[in-house]
Structures are given as C-alpha cells and as structure tokens.
Amino acid sequence: MRHQNSVFHDLLKRIPWAAFERLVEEHQADKHVRRLSTKSQLVALLYGQLSGAVSLREIVGGLQSHRSGLYHLGAQPVSRSTLADANGRRSSAVFAELFAQMVSRAGRGLKRAVGEAVHLIDSSSLRLSGAGSDWARFSDQACGAKVHVVYDANAERPIYAAVTPANVNDITAAKVMPIEAGATYVFDLGYYDFGWWAKLNAAGCRIVTRLKSHTRLAVTEEKAVSPDGTILSDRVGLLPQRMAKSRRNPMSGPVREICVQIETGKILRILSNDLDAPAEEIAALYKRRWAIELFFRWVKQTLKIRHFLGNSENAVRIQIAVALIAYLLLQMAKADQTTVTSPLAFARLVRANLMHRRRIDRLLQPTATPPHHLHQMSLQW
C-alpha cells in the first residue's frame, strides 16, 4: 500500500532540519540528554500549537495516542515531567534561531508587491501567573511578559521577535532590533525617541509614525492639500532643537507633518522623513500599522501564547518561538494550495486533520475510498 504522510508530517517537512541539527550541535542542546532530544521537544511543542492543546498533559496524551505516527516524524513519545524539565532548562536560543533561519530562507524567494520593504513595529503583552513567573513581575499583584515584533507587511509574516518582561519600554527593545537599510518603518507613539529616529534616518530608512500633541514643529513650508479629502494639512518643518535642556536633538533635518482626520473624527499628526511622496501615500502607510494588530490577534486566537506551559523565562521564550515557527509553517503550507484562502479557515482545517493521512492541498475533498480488488471477497448484507 502506498504510504500517505499525515498533515502534521507534511507541515514538518518545511522545517530546515539540517540547519536545526547544526543549531542543536552549536548550543550542545542534546549533550548529556538521555530521554528527550531537542527534535522530539520541538515536535511535541509544535503538535501542541497546531492541535490546540492547552496543557502539557494534553500534549503528552495526544502524542501517546498517535505514537505509531511519531516514528515517521523521527520523534518519540514524551512524559509530562520530562517535557516540563526540557522547557525550563534547554536553551531557548535553539528555537529562536531556528525561527530566524526560517524567516531568512522564506525571504530569499519573496517577491515584494511594493518596491521597498515595509516593516511594522509593535508589541503585545502576555499575562503570567504562578510559580516561576517572578522574572516578569511588574507589581505586587501582577506578572507579565511582552513580545516585540517586526512584521513584514508585504510578506504578511514576522521577521523578528524578542521577549522581555512587561515593564520594559517598547523603545528600549526597539533600540536593539536589527535595522534593514532603506526599508520603511511604521510605528506608534510607544517608540517616541528622536535619537532612535535619527539612527533609522542615517540608515536611509523611511519613517512613518505619529507626533505627540505637545511637540512643536517649526514650519518652513506649507504644501497644498485637497479641500475635499481627509488630509487637513501637509507641512515641512524642524523638530525642537533640544530633546531636553542638556541634550541636543540628533534628528535635526527637515521632517514632514501630515494631519489626517480618521473615521472617528480624531485628528492624527503623522510624521515622516519622506518629503517627496504624496501625502495620501504616507497616510496609507500609517494605516497599514493595523496589520500587525491583526497579526497579534490572530496568533492569540489561533495559536497558544495566552496559556503558558511553563512560567520560567526560558519556557516562555521557547513557547513564543515555537508559536511563531508554527505560524510560518501554516503560512508556507497555505501558500502551497489554492483551495482555502482564509488563513483562519486553513488553520482550523489543519487542526481538524492534523494526524490524518491526507494531502494538505486537498483538505476539503472527501477521503478517497480504497479501490476494490478483483480477487478480494466482498460481503454484502
């Protein structure tokens, strides 16, 4: 009988296993390990993300019920305590660097719909509670982590992620993010730092963000706007010369302020260092920032980063990295088929058929009935 891979097996084939093995060797992640290899840990955690399992016990039980299928995956069943120990002790760097390598490989064949890259920057807070979460404590009664993401708006995928305690400011995390020269960066008021803006500007990046209401602009030029549009004004000017009484503002060149009235009637002061593009284009770029908000919402609804399998810093970092890897696997698999266009509908179909032996591009088709052999006895009632 011709072997048919399970949907889960088909998804895992998209992982660069040779690169993963090099990372395991580099970090000595399997050194002195007897029970659970790094690969088996990754397979178990991906199963949890894609199947919707909300606890270690549910992951272990699900894998145990499909233990015959694990052989083809090169993995093995796990125990709850062993998986918990691995999440707490094995370096999260292996999983974070695997995510980075998968992003890099996906980017090589990417054809952008727009000329240059458009990177959206934002963060999302995650609540933690219970033993082991003191590393993320920000008050006497609450603990939390924050995931900081750079999202490629054209490719519709994250290209960078970092995890910090929730009390770390967004701009603090942004200052250590890699910068792609010449890209467009879109971000909100959480990244209000003239020094960081100057760093982006020096790298040839286009900046699209908001000005605070109290920030004054020394206007040097007024551009014409349509009286019937949502653009109320388009002005070029200079930011204040001082960031504080003793610090000179490094963002000393001319910038652009575009005032836009949105559907709610609120007026936004959009700032950009692009002095030439149409005002409507700058406003549209800022509006694209909603794509990263939708990404966070989709990940929280579809994958598992609301309920953590462990509260230690290492366990949280591993779970978030694996969730992002699962997101990339779903995105790549969805691109390989044309039947299901909705990302949410595709993820639900994968979850329902995860351990079934079906082609991932035929999830909506009925399961084929094995052909009747001429020499096989047929019983009819």
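Visitor: Is Ser-55 buried, partly exposed or exposed, and what is its relative accessible area?
Guide: Ser-55 is partly exposed, with a relative accessible area of 27%; buried means under 20% relative accessible area, exposed over 50%, and partly exposed in between, with a 1.4 Å probe and protein chains only. This is a predicted model, in which local features need pLDDT of at least 70 and side-chain atom pairs count only at pLDDT 80 or more, while totals for chains, interfaces and linings use all residues. Residues are numbered from 1 along each chain as its sequence is written, and side-chain values use heavy atoms, with hydrogens and water left out.

Visitor: Where does Ser-55 lie?
Guide: Ser-55 lies in the loop between H3 and helix H4 (56-65), where helices (H or I, at least four residues) and strands (E, at least two) are DSSP runs numbered from the N terminus. Ser-55 and Arg-80 are 25 residues apart in sequence, and their C-alpha atoms are 9.5 Å apart in space.

Visitor: Stepping back, how many helices and strands does the protein have?
Guide: The protein has 13 helices and 11 strands, and its C-alpha atoms fill a box of roughly 90 × 50 × 35 Å along the principal axes. Of the 381 residues in the protein, 49% are buried.

Visitor: And what share of the contacts joins residues 24 or more positions apart?
Guide: Among contacts in the protein with a separation of 6 or more, 61% are between residues 24 or more positions apart; contact here means heavy atoms within 4.5 Å.

Visitor: Back to helices: which residues of H2 are buried?
Guide: In helix H2 (residues 17-26) the buried residues are Trp-17, Ala-19, Phe-20, Leu-23 and Val-24. They cover an arc of only 155 degrees around the axis, so they sit on the same side of H2; the arc is that of the directions from the helix axis to the C-beta atoms.

Visitor: What does the face turned away from that buried side carry?
Guide: That face of H2 carries the exposed residues Glu-21, Glu-25 and Glu-26.

Visitor: What follows H2?
Guide: H2 is followed by Gln-28, which is placed in the loop between H2 and helix H3 (38-51). Phi of Gln-28 is near 50 degrees, a positive value in a residue other than glycine. Glu-156, in the loop between strand E2 (143-152) and strand E3 (157-165), is a residue other than glycine with a positive phi, near 60 degrees.

Visitor: Switching to cysteines, how many disulfides are there?
Guide: The count comes to 0 disulfides, where a disulfide is a pair of cysteine sulfur atoms within 2.5 Å.

Visitor: Are Cys-143 and Cys-205 buried or exposed?
Guide: Cys-143 counts as buried because its relative accessibility is 4%, and Cys-205 is buried with a relative accessible area of 2%.

Visitor: One more loop: where is Gly-190, and what does Gly-190 touch?
Guide: Gly-190 is in the loop between strand E4 (184-186) and helix H9 (194-202), and it is partly exposed, with a relative accessible area of 38%. Not counting residues up to four places away in sequence, Gly-190 touches Asp-170 and Ile-171. The C-alpha atoms of Gly-190 and Ser-123 are separated by 9.2 Å, although the two residues are 67 residues apart along the chain.
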